[in-house]
Amino acid sequence: MSEHKSGFACFVGRPNVGKSTLTNALVGTKVAITSSRPQTTRTVVRGIVHRPDAQLILVDTPGLHRPRTLLGERLNDLVVTTWAEVDVVAVCFPADEKIGPGDRFLVGELGKVRRTTKVAVVTKTDTVDPGRLGEQLLAVQALGEETGTDWAEIVPVSAVSGDQVSLLADLLVGLLPEGPPLYPDGELSDTPEEAIVADLVREAALEGVRDELPHSIAVVVEEMGLREGRPADKPLLDVHAIVFVERDSQKGIMIGHRGSRLREVGTAARKQIEAMLGTPVYLDLRVKVAKDWQRDPKQLRRLGF
Ligand SMILES: Nc1nc2c(ncn2[C@@H]2O[C@H](COP(=O)(O)OP(=O)(O)OP(=O)(O)O)[C@@H](O)[C@H]2O)c(=O)[nH]1
């Protein structure tokens, strides 16, 4: 029996090439916002493909949605860092649009990130005839040669018709290193990123007080989004979260002497979120008492149970 594989992949490409739609098709759940207008994906979006033989975690970097920043003087560090940290970067080229200077620049920069495996995906194959598709596949191959980028695979796919989607999943999984599942099975596969962030905050909040506060903590992410007006190469993700406890005494424990414990929790959680989403985070953490929330169906619903 072959070993279990796990790892990270991200889809990159110009706006509107179908990255979000493809992510949804692979994960099988709607996790990203799609729209016919470009650049609607405002926050980092990820999905997890759970399989018996593998776990594929799809990360989506915010900086990559802004071609103007990519075409600016230089790529921002965040993007390059993300590319270097994932196992596979899949560059998407829509079948119905010619390869342009934006694609050429992106692939050229990506080619400099040596260790990461690169895959080319020709998307929206349902929109063109086989002749045009063939031309596009050749053009993508030529672009690889021209920029010194070694495509591990060139895959045509249609997220809308579903054609080749499972083949793409197989190919991506095949490129992952051996490793155990990095996230619990099932639980997180179809939850939005807020739930994953809430989970990280909850873990940090329980650190060191598990015995005192066994199951009395719930975390709700109230708001999460990229801060407006930031320079494109210095994005900041604002996260506002509430830690719910059952009693006032627990609130005291959670906050600590003059807020010292809450600050520690906040710092630990922030680092986890940053590591996972690949973007700097401003985390606003508050503690509230939701009396007996475990027994109150209305509270439980509010807390997402
Ligand atoms: N016909 C067809 N349309 C597609 C396919 N995939 C995506 N689209 C359409 O293309 C448009 C853009 O798709 P998105 O998934 O939002 O593209 P994106 O690359 O995530 O866009 P940004 O978030 O702006 O970067 C939407 O109108 C989709 O419905 C496909 O396989 N076939």
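The largest nonpolar core of this predicted model has 37 residues, and those touching the most other members are Ala9, Cys10, Val89, Ala90, Val91, Cys92 and Val121. At least two residues of this core come from each of strands S1, S3, S4 and S5 and from each of helices H1, H4 and H6. The most is given by S4, which supplies six residues. Another core lies apart from this one; it holds 28 residues, including Val219, Met224, Val239 and Val287. In soluble globular proteins, nonpolar side chains tend to be buried together.

| Element | Residues |
|---|---|
| Strand S1 | 5–12 |
| Helix H1 | 19–27 |
| Strand S3 | 54–59 |
| Strand S4 | 88–94 |
| Helix H4 | 101–111 |
| Strand S5 | 117–123 |
| Helix H6 | 165–174 |

Strand S3 also has a strand partner. Strand S2, residues 47–50, is joined to S3 by four bridges, and the two run antiparallel. Gly47 stands opposite Leu58 of S3. Three residues lie between S2 and S3, which form a hairpin.

H5 covers residues 130–147, 18 residues in all, and spans 26 Å from its first C-alpha to its last, close to the 26 Å expected at 1.5 Å a residue. After H5 comes Gly148, with a positive phi near 70 degrees.

Strand S8, residues 237–245, runs parallel to S9 and is joined to S9 by nine bridges. Across this pair, Asp238 stands opposite Tyr282 of S9.

How exposed is Arg261? Arg261 is partly exposed because 19 other C-beta atoms lie within 10 Å, whereas a buried residue needs 20 or more. Leaving aside residues up to four places away in sequence, Arg261 touches Met254, Ile255 and Gly256. Arg261 and Ala205 are 56 residues apart along the chain, and their C-alpha atoms are separated by 9.0 Å.

Methods:
Residues numbered from 1 in each chain as written. Predicted model: local features only at pLDDT ≥ 70, side-chain atom pairs only at ≥ 80, totals over all residues. Core = buried A, V, L, I, M, F, W, Y, C linked by C-beta atoms within 7 Å. Buried ≥ 20, exposed ≤ 12 C-beta atoms within 10 Å, placed from the backbone. Pairing = 2+ DSSP bridges. Contact = placed C-beta atoms within 7 Å. Expected span 1.5 Å × (residues − 1).
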